[in-house]
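Here is a friendly tour of one model, taken a piece at a time. Keep the viewer open and follow along as the residues come up.

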Amino acid sequence: MTSTTPEDRSAGKFHLAFIFNFTPDDWQGPFGTGGSPWDGKFHTEVAQALERACFDYVIVEDKLMVPESYGGSAEAALKQAMVVPKHDPVPLAVAMGVATSQLGIVATLSTLAYPPFMTARLSSTLDSMLGGRFGWNIVTSAEDLAAQNFGLDKLPARDVRYEMADEYVDVVKQLFASWDADAVVLDRGKGVYADHTKVRPIHFKGKYFQVRGPLNTVPSPQHRPAFVQAGASPRGRAFAARNADSIIAIANGVEGMKQFREDVRAHAKDQGRDPDTIKTLFCVTPVLGETEQDARDKQARMVSSPQFIQDILAQTSALTEIDFAQFDLDEPLPRRLETNGEQGSLDQLQQWGSGKTLRELVIDAAGGLVSSVDLVGTPDQVAERMGEVMEEVGGDGFMITTPLLRLNRRYIAEVTDGLVPALQRRGLTRSAYTPGNTLRQNLLEF
């Protein structure tokens with residue numbers, strides 16, 4: 001990587017987002033805050049720092065179960081606080097939204113767990129409370145253990161889940177549209193709050209859902225909040241291209257990023273959508289240091305740790321429901337593995353045909369399961385590389401996180417006070433919000 005600092009680049013601006021979950025912070029690290037963030041203050045302070053750095057949005061990831069895949073029990077997950085404990089993202093979204101004024105706030109709501117009417121009602125309420133800054137992260141849930149918490153023995157097959165999710169999103173969209181934008185008239189003289197001719201049932205009867213409507217909340221500032229979705233499988237990409245305003249993506253290197261984005265854009269055209277209205281943000285885990293060697297030493301210490309390797313495998317087991325404890329760390333994976341869970345997480349790890357041992361696969365994926373491209377160096381070096389990558393990929397931005405989604409204030413400061421200013425100096429990311437913009441308008445700004 002170079003360390004040049006040009007004032008301008010031929011590449012246009014790209015978007016920034018951040019993803020974390022309502023779990024313990026980096027509780028074992030030297031810069032952790034103790035592992036008890038349950039009052040929401042820590043994550044709210046993170047949101048305020050991200051707003052200061054002009055991120056488009058922050059997303060709160062979620063799962064609905066206690067994992068038992070790794071080693072056949074919940075021991076590893078609970079011992080290391082991997083995936084669990086995890087609190088509900090919606091109250092945290094409210095707290096973060098009230099503490100900020102321009103940052104987009106995206107909460108994960110599963111189509112498995114919430115009836116469509118409740119998702120629409122909750123999203124509309126949050127968007128009103130946050131002044132048009134709310135987004136819904138659409139997930140189908142990918143774990144049989146989660147399904148068993150909602151009256152099912154196991155999840156439907158992936159294609160069936162996405163078929164159900166397509167219908168689910170259609171219901172939610174119709175519920176948002178069940179009130180006209182000007183239905184609330186507030187005519188004190190005539191004593192009319194809302195015009196009943198502009199509020200109507202939807203009478204939806206589909207293969208999987210039946211909803212009468214109408215929604216019983218007023219139209220929110222966006223009327224329909226921003227839709228965010230992550231889908232790695234071919235069916236998932238088609239679903240995202242049909243529905244999402246922003247897509248969370250994980251790819252293997254620049255070429256993989258480029259192929260993913262082009263595939264999504266092709267799906268969008270097939271759906272009759274303008275591909276430029278969909279912003280694909282690629283997950284990365286920058287490792288930042290005062291010098292390049294400092295950053296590389298930091299990364300080497302992280303990936304060589306036996307605990308890091310166990311945590312990555314425990315996390316992968318939770319996401320895929322494949323027990324990676326059964327495989328020898330110093331042997332290649334025995335076969336191409338398949339999952340009805342998160343296919344992208346499995347693909348990111350296994351690199352079928354590479355001949356690498358399982359230990360090498362984990363170390364090779366130094367960003368854990370969420371690193372699309374290697375970003376290690378000083379803030380200026382990493383900013384320069386991010387600009388080069390976006391120019392080659394064609395857009396649209398990055399989703400920043402940590403390898404295991406564990407946070408500490410030092411890392412947030414490195415990103416918001418080191419990396420982002422280096423990006424802003426290059427004209428690569430926004431240095432101010434456009435006053436009055438909603439989240440969807442910010443995403444469409446460039």
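Ala81 is found in the loop between helix 2 and helix 3, where helices (H or I, at least four residues) and strands (E, at least two) are DSSP runs, numbered from the N terminus. This residue has a positive phi of about 55° although it is not a glycine. With a relative accessibility of 12%, Ala81 counts as buried; buried means under 20% relative accessible area, exposed over 50%, and partly exposed in between, with a 1.4 Å probe and protein chains only. Pro85 lies in that loop too, between helix 2 (75-80) and helix 3, and the peptide bond leading from Val84 to Pro85 is cis, with omega near 0°.

A word on the ground rules: this is a predicted model, in which local features need pLDDT of at least 70 and side-chain atom pairs count only at pLDDT 80 or more, while totals for chains, interfaces and linings use all residues. Residues are numbered from 1 along each chain as its sequence is written, and side-chain values use heavy atoms, with hydrogens and water left out.

**Other backbone features**

His223 also has a positive phi, about 65°, although it is not a glycine. You will find His223 in the loop between strand 8 (210-211) and strand 9 (226-229). His223 is partly exposed, because its relative accessibility is 23%. A cis peptide bond also joins Gly395 and Asp396, with omega at about 5°. Asp396 sits in the loop between helix 13 and strand 14 (397-400).

**Helix packing**

Two packed helices are described by the angle between their axes and the distance between the axes. Here the axes are lines fitted to C-alpha atoms, for helices over the stretch in contact, and angles run from 0 to 180 degrees between N-to-C directions.

| Helix pair | Angle | Axis distance |
|---|---|---|
| Helix 13 (residues 379-393) and helix 14 (residues 409-425) | about 55° | 8 Å |
| Helix 1 (residues 41-52) and helix 3 | about 45° | 9 Å |
| Helix 8 (residues 253-270) and helix 13 | roughly 45° | within 9 Å |

Angles under 35 degrees count as roughly parallel, over 145 as roughly antiparallel, 65 to 115 as roughly perpendicular and the rest as oblique. Helix 13 is therefore oblique to helix 14, helix 1 is oblique to helix 3, and helix 8 is oblique to helix 13.

Helix 13 passes helix 14 in a right-handed crossing. A crossing is right-handed if the near helix is turned clockwise from the far one by less than a right angle, and left-handed if anticlockwise. Pro379, Asp380, Val382, Ala383 and Met386 of helix 13 meet Gly418, Leu419, Ala422, Leu423 and Arg425 of helix 14, contact meaning heavy atoms within 4.5 Å. These residues divide into seven nonpolar, one polar and two charged. For these classes, Ala, Val, Leu, Ile, Met, Phe, Trp, Tyr, Cys and Pro count as nonpolar, Asp, Glu, Lys and Arg as charged, and the others, Gly among them, as polar.

Helix 8 passes helix 13 in a right-handed crossing. Val254, Met257, Lys258 and Arg261 of helix 8 make the contact with Arg385, Val389, Met390, Glu392 and Val393 of helix 13. By class, this contact has five nonpolar, no polar and four charged residues.

Helix 1 crosses helix 3 in a right-handed way. His43, Thr44, Ala47 and Gln48 of helix 1 touch Leu92, Ala95, Met96 and Ala99 of helix 3, a contact of five nonpolar, three polar and no charged residues. Which residues does Ala99 contact, leaving aside its neighbours within four places in sequence? They are Thr44 and Gln48. The C-alpha atoms of Ala99 and Gln48 are separated by 7.0 Å, though the two are 51 residues apart along the chain.

**Nonpolar cores**

A nonpolar core is a set of buried Ala, Val, Leu, Ile, Met, Phe, Trp, Tyr and Cys residues joined through side-chain atoms within 4.5 Å. The largest one has 82 residues, and Phe18 and Phe55 have the most contacts inside it. Helix 6 (residues 158-176) provides the largest share of this core, eight residues. Beyond its neighbours within four places in sequence, Phe18 is in contact with residues including Leu50, Phe55, Met399 and Tyr411. A second, separate core of 20 residues includes Leu313, Ala314, Leu346 and Leu404.
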